[in-house]
Amino acid sequence: MKKMRGLFITATDTDIGKTMITGAIAAAMKVRGIHVGVFKPLASGAIRNEAGILLAEDATFLMKAAGIGEELRQEVNAVALEPDLTPAVAAKISNVCIDIPKILTDLKQAMKKYEFVLVEGVGGLISPLWEDYLLADMMKELNFPALLVSKPRLGAINHTVLSYAYAMQHKIRLDGVVINRFEASQAGVLEESNIHYIEKLTNLPVVGRFPLLKQANSLNVEDLAGLAELTLNIDKIIAIGESYNE
């Protein structure tokens, strides 16, 4: 039986760009010929289509990046919630019961189809998914190697190191950091010192400096993959994913 490879993508906060980074990694792997699966088990802020069906835009982007068809949307995104709130709150407002054990069972089954799987979380590590169940609990159960997406701005050191400290305290894997929305042409002392201290204080490698994309949805898979190869250490990221032990 082929050994599973995979990564969990989380972030220091909401709206940091986990979906962009996950999609970019997926696109790069797809272009390299890797059969990659993408999963966003829970998503808030979903939008109803003309048929009244809730669709998570994050899942749509990931599916496009990985070349996964619409017929597999339910596998990619088991729960799509309309309120743009943390899933536990969005579900209660929507009178939805989130069955975490079923989501995890179905997720693990769906993962078996792929050579490499990418799982994207919601918000930061301590986002409540359902009642007392946090994103950190899902990460711990899956036990995937994980990338932490951070920002180049002021506060990055504090938020990244605190996320790392929480993960270590709760025995949750973190294996690398990606700096998103990094403007290389404008980067100076702030951005470079952030990266220096993040690596020094966490002992985690920064495996990418991904730029700000204002029209990301207009990129085709090949262009997104090319950008990922230029700005992310895809070889290192794949190697991190290969360290997964079931």
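Q: Is I16 buried or exposed?
A: I16 has a relative accessibility of 5%. Buried means under 20% relative accessible area, exposed over 50%, and partly exposed in between (1.4 Å probe, protein chains only). At 5%, therefore, I16 counts as buried.

Q: What kind of model is this?
A: Residues are numbered from 1 along each chain as its sequence is written, and side-chain values use heavy atoms, with hydrogens and water left out. Local features need pLDDT of at least 70, side-chain atom pairs count only at pLDDT 80 or more, and totals for chains, interfaces and linings use all residues, since this model is predicted.

Q: Which residues is I16 in contact with, leaving aside neighbours within four places in sequence?
A: I16 sits in the loop between β1 (5–11) and α1. Helices (H or I, at least four residues) and strands (E, at least two) are DSSP runs, numbered from the N terminus. Contact means heavy atoms within 4.5 Å. On that basis the partners of I16 are A11, V149, S150, K151, N180 and R181.

Q: How many Å apart in space are I16 and R181, C-alpha to C-alpha?
A: In sequence, I16 and R181 are 165 residues apart. In space, their C-alpha atoms are apart by 8.4 Å.

Q: Which parts does the pair D15 and R181 tie together?
A: The side chains of D15 and R181 meet in a salt bridge of 3.7 Å, N to O. A salt bridge is a side-chain nitrogen of Lys or Arg within 4 Å of a carboxyl oxygen of Asp or Glu. The two residues are 166 apart in sequence, so the pair ties together the loop between β1 and α1 and the loop between β11 and α8 (189–202).

Q: What is the relative accessible area of R181?
A: D15 counts as exposed at 58%. R181 is partly exposed, with a relative accessible area of 26%.

Q: What is the nearest side chain of opposite charge to K151?
A: K151 lies in the loop between β10 (146–150) and α7 (156–169). The residue is buried, yet has no salt bridge. Lys and Arg count as positive and Asp and Glu as negative, with His and the chain ends not counted. At 5.8 Å, the nearest side chain of opposite charge is D13.

Q: Which side chain does a polar contact join to K151?
A: A polar contact is a pair of N or O atoms within 3.5 Å; within protein, one must be able to donate a hydrogen and the other to accept it, and residues adjacent in sequence count only if both atoms are side-chain atoms. For K151 the distance is 3.4 Å, and the partner is H159.

Q: What is the relative accessibility of E120?
A: K40 and E120 form a salt bridge, with the closest N and O atoms 2.8 Å apart. K40 lies in the loop between β2 and β3 (42–43) and E120 in strand β7, so the pair ties together parts 80 residues apart in sequence. K40 is buried at 4%. E120 is also buried, at 1%.

Q: Which residues have the most contacts inside the largest nonpolar core?
A: A nonpolar core is a set of buried Ala, Val, Leu, Ile, Met, Phe, Trp, Tyr and Cys residues joined through side-chain atoms within 4.5 Å. The largest one here has 88 residues. Those with the most contacts inside it are F8, I25, M111, L142, F144, L147 and L232.

Q: Which residues does M29 touch, not counting those up to four places away in sequence?
A: M29 is in helix α1 (residues 18–31). At 0% relative accessibility, M29 counts as buried. The residues touched are I34, V36, F116 and I238.

Q: Within what arc do the buried residues of α9 fall?
A: In α9 (residues 221–231), V221, L224, A225, L227 and A228 are buried. The arc is that of the directions from the helix axis to the C-beta atoms. Seen down the axis, these residues line one face of the helix, because they fall within an arc of 160°.

Q: Which helices do the buried residues of α9 pack against?
A: The face turned away from the buried side of α9 carries the exposed residues E222 and L230. The buried residues of α9 pack against α1, α2 (57–66) and α10 (234–241).

Q: Which residue caps the N-terminal end of α9?
A: A side-chain oxygen lies 3.2 Å from the backbone nitrogen of E222. The capping residue that supplies this oxygen is N220.
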